[in-house]
Amino acid sequence: MPKSDTTLIELAGGEETLRVVVQDFYDRVFPDVMIGFFFKGLEKANLVQLELEFVLELLGAEGRYTGRPMRKAHAKHPILGGQFNRRLQILRETLADNKVPQAVQDHWLEHTISLRDQITPNTRGDCRPPQP
Ligand code: HEM
């Protein structure tokens, strides 16, 4: 593992601190009026675990993520650009409220933005489906 990446996880306070942040994030996402419906009937604990693994990898740990590739995991959900943006905003607020160090916030948010076209076909951030 590259030294600088180890530092990002350590800087964030380690795995258990990141678990608290990811749990808080999904505690906000599940009841959200705009995107909560996507998660109806899903096991929150399972998503928290997979998301935590995913975050550990994006912050530099290797071989932690046991979930599906992003495109595959989201393929059956018709996610609009505006809904992607809503998740991003909830993430921003969660990271700030938990006082996650700025360098970790920046890396996490940039990484999320870079995945946009794997999650939604609507890369412009529209809230409505493309019109014919
Ligand atoms: C870059 C942004 C995103 C990341 C990093 C992310 C991450 C993840 C991860 C790690 C999983 C678990 C994968 C698995 O089950 O194997 C997942 C599943 C899921 N995500 Fe996301 N997600 C993102 C964006 C979104 C957005 C914008 C929405 C909806 C507004 C969303 C809705 C869901 C749903 C509904 C599932 C459950 C899939 C299923 O089992 O049917 N995700 N996501």
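**View 1. Helices H2 and H5 form a right-handed crossing.** In this predicted model, helix H2 covers residues 15-29, and helix H5 covers residues 81-97. The two helices pack at an angle of about 135°, and their axes lie 10 Å apart. Because of this angle, H2 is oblique to H5. On the H2 side, the contact is made by Val21, Asp24, Phe25, Tyr26, Arg28 and Val29. The residues of H5 that they meet are Arg87, Ile90, Leu91, Glu93, Thr94, Leu95 and Asp97. Sorted by class, the contact of H2 with H5 comprises 7 nonpolar, 1 polar and 5 charged residues.

**View 2. Helix H5 packs with helix H6 at an angle of about 170°.** The axes of H5 and H6 are 11 Å apart. The angle between them makes H5 roughly antiparallel to H6. From H5, the residues in contact are Phe84, Arg87, Leu88, Leu91, Arg92, Leu95 and Ala96. Their partners in H6 are Gln105, Trp108, Leu109, Thr112 and Ile113. This contact of H5 with H6 contains 8 nonpolar, 2 polar and 2 charged residues. Arg87, Leu91 and Leu95 of H5 take part here, and these three residues also belong to the contact with H2.

**View 3. Helix H3 packs with helix H6 at an angle of about 110°.** Helix H3 spans residues 44-58, and helix H6 spans residues 102-114. Their axes are separated by 10 Å. With this angle, H3 is roughly perpendicular to H6. Phe54, Val55 and Leu58 of H3 meet His107, Trp108 and His111 of H6. By class, the contact of H3 with H6 has 4 nonpolar and 2 polar residues, with no charged residues. Trp108 of H6 takes part in this contact and also meets H5.

**View 4. The largest pocket holds about 780 Å³ of space.** Its lining consists of 30 residues. Tyr26, Phe39, Leu47, Ala73 and His74 are the lining residues that lie nearest the centre of the pocket. Two or more lining residues come from each of helix H3 (44-58), helix H4 (70-74), helix H5 (81-97) and helix H6 (102-114). Of these elements, H3 gives the most to the lining, with 7 residues. The lining of the largest pocket divides by class into 18 nonpolar, 7 polar and 5 charged residues. Tyr26, one of the residues nearest the pocket centre, is also among the H2 residues that meet H5.

Key: Residues are numbered from 1 along each chain as its sequence is written. This is a predicted model: local features need pLDDT of at least 70, side-chain atom pairs count only at pLDDT 80 or more; totals for chains, interfaces and linings use all residues. Side-chain values use heavy atoms; hydrogens and water are left out. On a 1 Å grid over the protein atoms alone, a cavity is a set of points where a 1.4 Å probe fits but cannot get out, and a pocket is an open set with protein on both sides within 12 Å along at least five of seven lines; lining residues have an atom within 4 Å of a point. Grid points are joined across faces, edges and corners, and a volume is the space filled by probe spheres set on the points. Helices (H or I, at least four residues) and strands (E, at least two) are DSSP runs, numbered from the N terminus. Ala, Val, Leu, Ile, Met, Phe, Trp, Tyr, Cys and Pro count as nonpolar, Asp, Glu, Lys and Arg as charged, and the others, Gly among them, as polar. Axes are lines fitted to C-alpha atoms, for helices over the stretch in contact, and angles run from 0 to 180 degrees between N-to-C directions. Angles under 35 degrees count as roughly parallel, over 145 as roughly antiparallel, 65 to 115 as roughly perpendicular and the rest as oblique. A crossing is left-handed if the near helix is turned anticlockwise from the far one by less than a right angle, and right-handed if clockwise. Contact means heavy atoms within 4.5 Å.
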